[in-house]
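The entries below follow the order in which I looked things up.

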Amino acid sequence: MTLKDGIDRWPTFELTPTEFERTVADLVEAAGHEVTDWQVQHLDPVEGVDGMFIIDVTVRFRFLGADFVVLFECKRHASPVKREHVQVLNDKLRSTGAHKGVMVAASGFQSGALEYAAINKIACVRLVDGAWTYEIRDLTPTTPRPTGHYVPYARQPTRRGEYSDMLLSQQGDYQKLLFDGHKGAG
């Protein structure tokens with residue numbers, strides 16, 4: 001407790017610096033995964049020092065009484081994400097004061113984008129079949145673990161010689177739709 005005279009009235013610890021650090025580590029560990037006030041927003045306006053940014057997805061939460069903000073930029077490009085896209089996300093992080101940036105791509109990342117992301121601690125994720133694959137999580141490389149979750153699609157030709165794709169997981173019993181649809185086949 002600090003009074004108006006600027007003197008700290010809280011008792012001091014009778015711990016060494018190492019004991020103090022271990023005490024803090026124990027308190028954080030005891031908190032476990034106490035994440036509260038979890039909020040996910042799509043197309044969230046976030047104020048920066050140099051203007052307003054519309055962020056594809058934001059995650060806001062509280063952990064150990066501190067507020068955190070994570071910015072997600074989503075790139076559904078036909079080609080791998082370029083370095084300049086990751087640089088723009090890094091600029092938004094610095095301007096808004098957000099705590100973490102995540103670039104999510106459908107077609108992967110160019111090597112320059114991954115190098116820049118690693119240096120600036122921006123996570124690069126490839127979204128494949130509804131599952132995350134981390135290409136950069138931090139400076140320590142990790143091998144992604146299969147989630148076992150796959151998104152089933154069906155593709156059928158149209159009259160114009162093109163193809164129509166159907167997301168089967170939204171079709172209820174899609175196995176019946178696939179295998180009972182052509183009873184005469186075999």
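**The sheet**

I first looked up the sheet, and I found six strands in an open sheet with mixed pairing, in the order β1-β2-β3-β4-β5-β6. I noted that the helices (H or I, at least four residues) and strands (E, at least two) are DSSP runs, numbered from the N terminus, and that two strands pair if DSSP finds at least two bridges between them. This is a predicted model, in which local features need pLDDT of at least 70 and side-chain atom pairs count only at pLDDT 80 or more, while totals for chains, interfaces and linings use all residues. Residues are numbered from 1 along each chain as its sequence is written, and side-chain values use heavy atoms, with hydrogens and water left out.

At the edges of the sheet I found β1 (35–48) and β6 (131–136), each of which pairs on one side only. Direction ignored, neighbouring strands of this sheet are turned by 30° against each other on average; axes here are lines fitted to C-alpha atoms, for helices over the stretch in contact, and angles run from 0 to 180 degrees between N-to-C directions.

**Strand pairs**

I then went through the pairs, starting with β1 and β2, which run antiparallel and are joined by 11 bridges; Val35 stands opposite Phe63 in β2. Strand β2 (residues 51–63) is also antiparallel to strand β3 (residues 66–75), with seven bridges between them, and there Val59 has Val70 in β3 as its bridge partner. The hairpin of β2 and β3 has two residues between the strands, and in it Leu64 takes a positive phi near 55°.

With strand β4 (residues 100–105), β3 pairs in the parallel sense over six bridges, and I saw that the bridge partner of Leu71 is Gly101 in β4. Between β3 and β4 the chain passes through helix α2 (residues 83–96), and this β-α-β crossover is right-handed, a term used if, with the strands pointing away from the viewer, the path from the first strand over the helix to the second runs clockwise.

**The two helices**

Finally I looked up how α2 lies against helix α3 (residues 111–119): their axes come within 7 Å and cross at roughly 25°. The two helices, α2 and α3, are therefore roughly parallel to each other, since angles under 35 degrees count as roughly parallel, over 145 as roughly antiparallel, 65 to 115 as roughly perpendicular and the rest as oblique. For contact, meaning heavy atoms within 4.5 Å, I listed Arg83, Val86, Gln87, Asn90 and Arg94 in α2, which meet Gly112, Ala113, Tyr116 and Ala117 in α3.
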